[in-house]
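Subject: Structure for your review

Dear colleague,

Please find below the structure that I am handing over to you. My notes on what was found in it follow directly after it.

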Amino acid sequence: MTGVALCLFYDFLRIFRLAVPPGKILAFFEDVLWFFVAAVVTYLVCLAKCNGEVRSYVLVGEGVGFLLCRLTVSRGIMTAAKPSVRAVKKL
């Protein structure tokens with residue numbers, strides 16, 4: 001579930017980038033923000049479930065969840081978001 005949540009947060013950033021196209025510097029800082037949030041979330045999951053120890057299955061599980069979400073749910077979200085953002089921009 002953590003990987004799916006991180007993927008959905010990344011989709012939020014992607015939709016924000018569609019609405020407000022960033023420059024290279026802002027895109028860099030958005031990516032750094034995402035990595036920071038992902039690291040903190042991963043640490044908190046490890047702290048709650050594994051007594052603070054980083055376990056490989058937690059990282060693999062996050063990666064698989066992220067990848068599955070990206071290949072399925074994320075495509076639908078972005079397909080719906082692109083015309084919606086364009087319509088809002090026209091208003």
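Asp11 is buried, with a relative accessible area of 1% (buried means under 20% relative accessible area, exposed over 50%, and partly exposed in between, with a 1.4 Å probe and protein chains only). The residue is found in helix 1, where a helix is a DSSP run of H or I of at least four residues, numbered from the N terminus. When neighbours within four places in sequence are left aside, Asp11 is in contact with Ser74, Ile77 and Met78 (contact means heavy atoms within 4.5 Å).

Please note that this is a predicted model, in which local features need pLDDT of at least 70 and side-chain atom pairs count only at pLDDT 80 or more, while totals for chains, interfaces and linings use all residues. Residues are numbered from 1 along each chain as its sequence is written, and side-chain values use heavy atoms, with hydrogens and water left out.

Salt bridges

A search of the whole structure finds four salt bridges, a salt bridge being a side-chain nitrogen of Lys or Arg within 4 Å of a carboxyl oxygen of Asp or Glu. One of them joins Asp11 to Arg14, with the closest N and O atoms 3.2 Å apart. Both residues lie in helix 1, three residues apart, which is about one turn of the helix. Arg14 counts as partly exposed, at 22% relative accessibility.

Which residues are linked with Arg17 in a network of salt bridges? The network consists of Arg17, Glu30 and Asp31. Between Arg17 and Glu30, the closest N and O atoms are 2.6 Å apart. This pair links distant parts of the chain, since Arg17 is in helix 1 and Glu30 is in helix 2 (residues 24-49), 13 residues apart. Glu30 counts as buried, at 6% relative accessibility. The side chains of Asp31 and Arg17 also meet in a salt bridge, at 2.6 Å from N to O. Here again distant parts of the chain are linked: Asp31 lies in helix 2 and Arg17 in helix 1, 14 residues apart. Asp31 is partly exposed, with a relative accessible area of 27%.

Helix packing

Helix 1 (residues 2-19) packs against helix 3 (residues 56-71) at an angle of about 45°, and their axes are 7 Å apart. Axes are lines fitted to C-alpha atoms, for helices over the stretch in contact, and angles run from 0 to 180 degrees between N-to-C directions. Helix 1 and helix 3 are therefore oblique to each other (angles under 35 degrees count as roughly parallel, over 145 as roughly antiparallel, 65 to 115 as roughly perpendicular, and the rest as oblique). On the helix 1 side, the contact is made by Thr2, Gly3, Val4, Leu6, Cys7, Leu8, Tyr10 and Arg14, and on the helix 3 side by Glu62, Gly65, Phe66, Cys69 and Arg70. These residues divide into seven nonpolar, three polar and three charged (Ala, Val, Leu, Ile, Met, Phe, Trp, Tyr, Cys and Pro count as nonpolar, Asp, Glu, Lys and Arg as charged, and the others, Gly among them, as polar).

The axes of helix 3 and helix 4 (residues 73-90) come within 3 Å and cross at roughly 40°. This pair is therefore oblique as well. Leu68, Cys69, Arg70 and Leu71 of helix 3 meet Val73, Ser74 and Arg75 of helix 4. By class, four residues of this contact are nonpolar, one is polar and two are charged.

Yours sincerely

Note on methods
Helices (H or I, at least four residues) and strands (E, at least two) are DSSP runs, numbered from the N terminus.
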